[in-house]
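Here's a quick tour for anyone meeting this structure for the first time.

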Amino acid sequence: MSDYIANTDADRRAMLERIGVASIEDLFSDIPPEIRQNAAPHLPPGLTEMEVRAEAWRLSGQNVNVNAAPCFLGGGSYDHYVPAAVPFICSRSEFFTAYTPYQAEASQGTLQVIYEFQTMVCQLTGMEMSNASLYDGASALAEAVIMAWAIQKRPRVLLPRTLHPHYRQVVATYTQGLPLELVDVPYADGVVDLDALQSALDNASAVVVQHPNFFGCLEDVNVISQLTHERGALLISVFDPISLGLLKPPGDYDADIAVAEGQPLGIPLSFGGPYLGLFACKKQFARQAPGRIVGATHDDKGRRGFVLTLQTREQHIRREKATSNICTNQGLMALAATVYLALLGKHGLRRVAELCLQKAHYAAGEIGKLDHWSMAFKSPFFKEFVVRCPDDPVKINQRLRQHGIIGGLPLGKYYPEWADAMLLCVTEKRTKEEIDKLIAVVR
């Protein structure tokens, strides 16, 4: 720290004496030695600006352009088509902002976009209210779990094994230190085992259901909702926003909280971020919701305007009353999603969903004709499906890559029982020729 902060030796001695420790090392004595970073990080020697630029160009040459290489990789990030109007509109100077919209008198454009975003999320999900967005789908779910626990004050939350593994990990990280037990719920034929779910519902604050789930399968959300509410728990739905062009929205099966990754809504893959967390809930839970909510109002001259109506976070209110430590919303990503949804409309969104469904089922049917390949589950699916492979899925992906194709997601890392399986995704961007080429390579 002495390289960056102009503290003299005398300054440091005075501060240490005031704190009551003898050395800077003593400040970290409570950290267990086995997790303390004692050695200096192993970094290469410094480079000149020209050398850094050359290295950056070398590394960028290893990237794969998904517009040139058909992508069948899903698992939470999806290669959907982004209309050219989305980045063009988002780049207009009216939407430029140096920071987030604290001052309503200076941020009406940004606040109005967020208000429209919230409205569209409510229309999409059938829920009564939405916040101004969160960081991504995983953090949105973690916030929903904590919110449900704060409302119900029961010690358990049920997380099916059909939930995205990364989401499970983020929830576990967020909730560590809370008196909360995360209960695994097994699956059968790629969907939640309803008998196991029912037997685990005692003292549950909430049940999480992903629909379509991580395997791409469609859960029996009506039955899960009924079982959950009969036992007094809240239902948290994790949804794919594109799927709602065809599937029943969370509000229609009485979800209490609905969250999603908003990346499919006009946001490119971008190496994994920045993405967009969608968060909606029933109106009765508005004051327990995390983050921000933009509302419409009128000024003293009767003119319509927009303001931050609720800001239940640590930065704005006392920590003990805060619902979350979420610091901001993903304003630019929410703008992109708003533009995307406005451009497509409900009929356009339905058409995208239909294309995903039809093309994914065509691909699954063709793969099912191959020798030694098979579908892992019989349950209905949307745009993703699991196939059992005759060879190591990693090796199959390497072969596909040699033919300019980005393959699916090997499942063995997350599900040891599916070490021979791959999760394939087919969006509206995939053509029949690209699917047929995939089949020809793996045949």
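Predicted model: local features only at pLDDT ≥ 70, side-chain atom pairs only at ≥ 80, totals over all residues.

Residues are numbered from 1 along each chain as its sequence is written, and side-chain values use heavy atoms, with hydrogens and water left out.

**Cavities**

- Searching the whole structure turns up 3 cavities of 30 Å³ or more. (On a 1 Å grid over the protein atoms alone, a cavity is a set of points where a 1.4 Å probe fits but cannot get out, and lining residues have an atom within 4 Å of a point.)
- The largest cavity has a volume of about 210 Å³. (Grid points are joined across faces, edges and corners, and a volume is the space filled by probe spheres set on the points.)
- Its lining takes 19 residues, and Tyr-78, Gln-210, Pro-212, Asp-240 and Glu-384 lie nearest the centre.
- The second largest cavity holds about 40 Å³ of space.
- Around the second largest cavity sit Ile-367, Trp-373, Ile-396, Leu-400, Met-422, Leu-424, Leu-438, Ile-439 and Val-442.
- Helix H10 (393-402), strand S15 (421-425) and helix H11 are the elements that give two or more residues to that lining, and H11 gives the most, with 3 residues. (Helices, H or I with at least four residues, and strands, E with at least two, are DSSP runs numbered from the N terminus.)
- What classes line the second largest cavity? There are 9 nonpolar, no polar and no charged residues.

**The largest pocket**

- The largest pocket has a volume of about 710 Å³. (A pocket is an open set of grid points with protein on both sides within 12 Å along at least five of seven lines.)
- It is lined by 29 residues, and Ser-77, Leu-269, Phe-271, Gly-272 and Tyr-275 are the closest to its centre.
- Helix H5 (137-152) and helix H6 (165-175) each supply at least two lining residues, and H6 gives the most, with 3 residues.
- By class, the pocket lining has 14 nonpolar, 13 polar and 2 charged residues.

**H11 and its helix partners**

- The axes of H9 (residues 331-368) and H11 (residues 432-442) come within 10 Å and cross at roughly 25°. (Axes are lines fitted to C-alpha atoms, for helices over the stretch in contact, and angles run from 0 to 180 degrees between N-to-C directions.)
- That angle makes H9 roughly parallel to H11. (Angles under 35 degrees count as roughly parallel, over 145 as roughly antiparallel, 65 to 115 as roughly perpendicular and the rest as oblique.)
- Lys-359, Tyr-362, Ala-363, Glu-366 and Ile-367 of H9 meet Lys-432, Ile-435, Asp-436 and Ile-439 of H11. (Contact means heavy atoms within 4.5 Å.)
- The residues in the contact of H9 with H11 split into 5 nonpolar, no polar and 4 charged.
- H10 and H11 pack at an angle of about 120°, with their axes 10 Å apart, and are therefore oblique to each other.
- Ile-396, Arg-399 and Leu-400 of H10 make the contact with Leu-438, Val-441 and Val-442 of H11.
- The contact of H10 with H11 comes to 5 nonpolar, no polar and 1 charged.

Technical notes. Nonpolar A, V, L, I, M, F, W, Y, C, P; charged D, E, K, R; others polar.
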